[in-house]
Amino acid sequence: MGGATVGITPGFYGDWTYIARFPEGPAGGTLTVDELRLRSNFDASGYLGRGLDFITLSDATAGGVSGDTAPTFVRELTRGDRYRAVATFGPPWEPLCLPRQLGAERPGDLLYVRQTFTVYERVARATSG
C-alpha cells in the first residue's frame with residue numbers, strides 16, 4: 001500500500017477515535033490520508049472524483065450520513081462501479097444485545113464503539129488503444 005492515497009470517513013466531525021488506522025513509518029510506506037466529511041455542511045459530491053486509491057467506510061458512518069450529497073456518495077461508493085469492497089474488519093466478537101435478539105437495530109452508542117469497517121479500492125479503468 002506504499003504511495004497510496006486513502007480517504008477516511010470519521011463518524012463525527014473532528015472525532016478520530018473510532019476510525020480505521022493505518023501503519024506509520026517505513027513499514028507502511030508513503031501513505032496520504034484524506035478526511036472525507038459526510039455531514040450536511042460539507043459537499044461530498046466530488047469525493048469519488050478525487051482519484052483516491054482506497055476509501056474506508058464504517059457501518060456506523062454509512063448509517064449516519066446527512067445532508068444533500070453524503071447519502072449519494074455512500075450509495076455510489078457501495079454500488080461498486082468506481083470502487084469495490086476489498087476488505088471488511090470489525091470487532092472479533094458480538095456482545096449479547098437484547099434489541100437485536102428481538103429483531104431491532106443495535107443502539108446507536110453500541111454501533112458507534114463496535115463499528116465494522118469496509119475498505120474500498122478504486123476500480124482500474126480499462127484504457128483504449
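Is Phe-73 buried or exposed? Phe-73 is buried, with a relative accessible area of 2%. Bear in mind that this is a predicted model.

**The Tyr-47 and Phe-73 pair**
- These two rings sit with their centres 5.6 Å apart and their planes at 85°, so they make an edge-to-face pair.
- Tyr-47 comes from the loop between strand E2 (31–35) and strand E3 (54–58), while Phe-73 belongs to helix H2 (residues 70–79), so the pair ties together parts that are 26 residues apart in sequence.
- Tyr-47 is buried too, at a relative accessible area of 5%.

**The Phe-89 and Phe-117 pair**
- Here the rings are stacked, at 5.6 Å centre to centre and with 25° between the planes.
- Phe-89 is in strand E4 (residues 83–89) and Phe-117 is in strand E5 (residues 117–122), so this pair links parts that are 28 residues apart in sequence.
- Phe-89 is partly exposed, with a relative accessible area of 39%, whereas Phe-117 counts as buried at 12%.

**Helix H2 and its two sides**
- Ala-70, Phe-73, Val-74 and Leu-77 are buried in H2.
- Those residues cover an arc of only 95° around the axis, which puts them on the same side of H2.
- Why can that happen? An α-helix has 3.6 residues a turn, so residues three or four places apart point the same way.
- E3, helix H1 (59–63), E4 and E5 are among what covers the buried residues of H2.
- On the face turned away from the buried side, you'll find the exposed residues Arg-75 and Arg-79.
- Just after H2 comes Gly-80, with a positive phi of about 95°.

Note on methods:
Residues are numbered from 1 along each chain as its sequence is written. This is a predicted model: local features need pLDDT of at least 70, side-chain atom pairs count only at pLDDT 80 or more; totals for chains, interfaces and linings use all residues. Side-chain values use heavy atoms; hydrogens and water are left out. Rings of Phe, Tyr and Trp (its six-membered ring) pair if their centres lie within 6.5 Å; planes under 30 degrees apart count as stacked, over 60 as edge-to-face and the rest as tilted. Helices (H or I, at least four residues) and strands (E, at least two) are DSSP runs, numbered from the N terminus. Buried means under 20% relative accessible area, exposed over 50%, partly exposed in between (1.4 Å probe, protein chains only). The arc is that of the directions from the helix axis to the C-beta atoms. Contact means heavy atoms within 4.5 Å.
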